[in-house]
Amino acid sequence: MTDINDEIGVIYLAFGYEYVVQAIQSACSLKSIHPELSITIATNIPLKQGIPSSISYNNTVIGTKLFDEVVYIKDTDGSNRNYKTSINTYSPYKKTLFLDSDTIIKDEIISGFKIFDYADLAALYRPTASGPMVD
């Protein structure tokens, strides 16, 4: 298991309110499993540092600080692709896991950071839906 420290963390890119809401839900699912993991969000929506009151997710108390760092980018929603391809420039971590804002964490992910001991980039390609399709 990889030691948790300031060198590893997760980053989200969330341009627009809808994606910020998704990123908050994703970050809650992450913190419910890994409360010790640092999270950064890069967004064009002005956010306060953290969450003003204690929150919980799936009966797990998250606490008052969901995002350790908020990077505000003054730009339009339409230019988010440019930031997604250079998200590493906004990460304060030596080893960064970039998650799409609609990702829900259901199990341990810390062991995945070990791949960065051997490679600079890792990606998952899933050509089919990961869950049941809804009509």
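Biologist: Which residues lie nearest the centre of the second largest pocket, and how many residues line it?

Modeller: In this predicted model, 13 residues line the second largest pocket, and Tyr19, Asn80, Lys84, Asp100 and Ser101 are those nearest its centre. Helix H2 contributes the most to this lining, with three residues, while E1, H1 and strand E6 (95-99) are also among the elements that give two or more. The pocket holds about 190 Å³ of space, and its lining divides into six nonpolar, three polar and four charged residues.

Biologist: What makes Phe15 and Tyr83 an aromatic pair, and why is the pair called tilted?

Modeller: Their ring centres lie 5.3 Å apart, and the cut-off for a pair is within 6.5 Å, so the two rings qualify as a pair.

Biologist: What makes up the largest nonpolar core?

Modeller: That core has 21 residues, and Tyr12, Leu30, Leu37, Ile41 and Phe67 have the most contacts inside it. Strand E1 (8-14), helix H1 (17-33) and strand E2 (38-43) each give two or more residues to this core, the largest share, five residues, coming from H1. Another core, of eight residues, lies apart from it and includes Ile11, Leu13, Ala42 and Ile73.

Notes: Residues numbered from 1 in each chain as written. Predicted model: local features only at pLDDT ≥ 70, side-chain atom pairs only at ≥ 80, totals over all residues. Heavy atoms only, no water. Core = buried A, V, L, I, M, F, W, Y, C linked by side-chain atoms within 4.5 Å. Buried < 20%, exposed > 50% of the residue type's maximum accessible area, 1.4 Å probe, protein only. Helix = DSSP H or I, 4+ residues; strand = E, 2+ residues; numbered from the N terminus. Phe/Tyr/Trp six-rings, centres within 6.5 Å; stacked < 30°, edge-to-face > 60°. 1 Å grid on protein atoms, 1.4 Å probe; cavity = no way out; pocket = protein on both sides within 12 Å on 5 of 7 lines; lining within 4 Å. Points joined across faces, edges and corners; volume = space filled by probe spheres on them. Nonpolar A, V, L, I, M, F, W, Y, C, P; charged D, E, K, R; others polar.
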